[in-house]
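Here is a short briefing for a first look at this protein. Keep the sequence and the 3D view at hand while reading.

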Amino acid sequence: MDSAHLVDLARDAQAPDPLSALSATAELARGLEQRQATLVCRARHDGVTWAQIAQALGVTKQAVHRRYGGDRLLGAHS
């Protein structure tokens, strides 16, 4: 999902119709999760430590490794 689409979804999340806004926020959340996984993969490829990634995300090292570590990281950036 490209950044322009994410921006459009963020705008659509402000829609007055709650169902339209909910749909947009759900798609936005999925897009942001995908983007975050891609960035974690890039960071690891560039030699960034799990601790540094965890600090950037505001979570523990264990939490970020549990979410993105191992085989999950390899398939996350598609």
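The term pLDDT stands for the predictor's confidence in each residue, on a scale from 0 to 100. The protein has a mean pLDDT of 89, and 90% of its residues reach 70 or more. This is a predicted model, in which local features need pLDDT of at least 70 and side-chain atom pairs count only at pLDDT 80 or more, while totals for chains, interfaces and linings use all residues. Residues are numbered from 1 along each chain as its sequence is written, and side-chain values use heavy atoms, with hydrogens and water left out.

**Overall build**

- The protein has five helices and zero strands. Helices (H or I, at least four residues) and strands (E, at least two) are DSSP runs, numbered from the N terminus.
- Along the sequence the pattern reads α-α-α-α-α.
- The accessible surface is about 5,400 Å², by the Shrake-Rupley method with a 1.4 Å probe. Carbon and sulfur atoms hold 56% of that surface.
- Of the 78 residues, 26% count as buried. Buried means under 20% relative accessible area, exposed over 50%, and partly exposed in between (1.4 Å probe, protein chains only).
- A contact means heavy atoms within 4.5 Å. Among contacts between residues at least 6 apart in sequence, 35% join residues at least 24 apart.

**Helix H2**

- H2 has 28 residues. From its first C-alpha to its last, H2 reaches 40 Å, close to the 40 Å expected at 1.5 Å a residue. The expected span is 1.5 Å times one less than the number of residues.
- Buried residues in H2 include Ala21, Gly31, Thr38 and Cys41.
- Just after H2, Gly47 takes a positive phi of about 95°.

**Nonpolar cores**

- A nonpolar core is a set of buried Ala, Val, Leu, Ile, Met, Phe, Trp, Tyr and Cys residues joined through side-chain atoms within 4.5 Å.
- Eight residues form the largest core: Ala37, Val40, Ala43, Trp50, Ile53, Ala54, Val64 and Tyr68. At least two residues of this core come from each of helix H2 (18–45), helix H3 (50–57) and helix H4 (61–68).
- A second, separate core has five residues, among them Leu6, Ala13, Ala24 and Leu28.

**Salt bridges**

- The whole structure holds three salt bridges. Each is a side-chain nitrogen of Lys or Arg within 4 Å of a carboxyl oxygen of Asp or Glu.
- Arg11 sits in helix H1 (residues 3–12). Arg11 is exposed, at 53% relative accessibility.
- Arg11 pairs with Asp8, their closest N and O atoms being 3.1 Å apart. The two are three residues apart in helix H1, so about one helical turn separates them. Asp8 is partly exposed, at 32%.
- Arg11 also meets Asp12 in a salt bridge (3.2 Å, N to O). Asp12 is partly exposed, at 33%.
- Together, Asp8, Arg11 and Asp12 are linked in a network of salt bridges.
- Glu33 pairs with Arg67, with 3.7 Å between the closest N and O atoms. Glu33 lies in helix H2 and Arg67 in helix H4, so this pair ties together parts 34 residues apart in sequence.
- Both partners are partly exposed: Glu33 at 44% and Arg67 at 43%.
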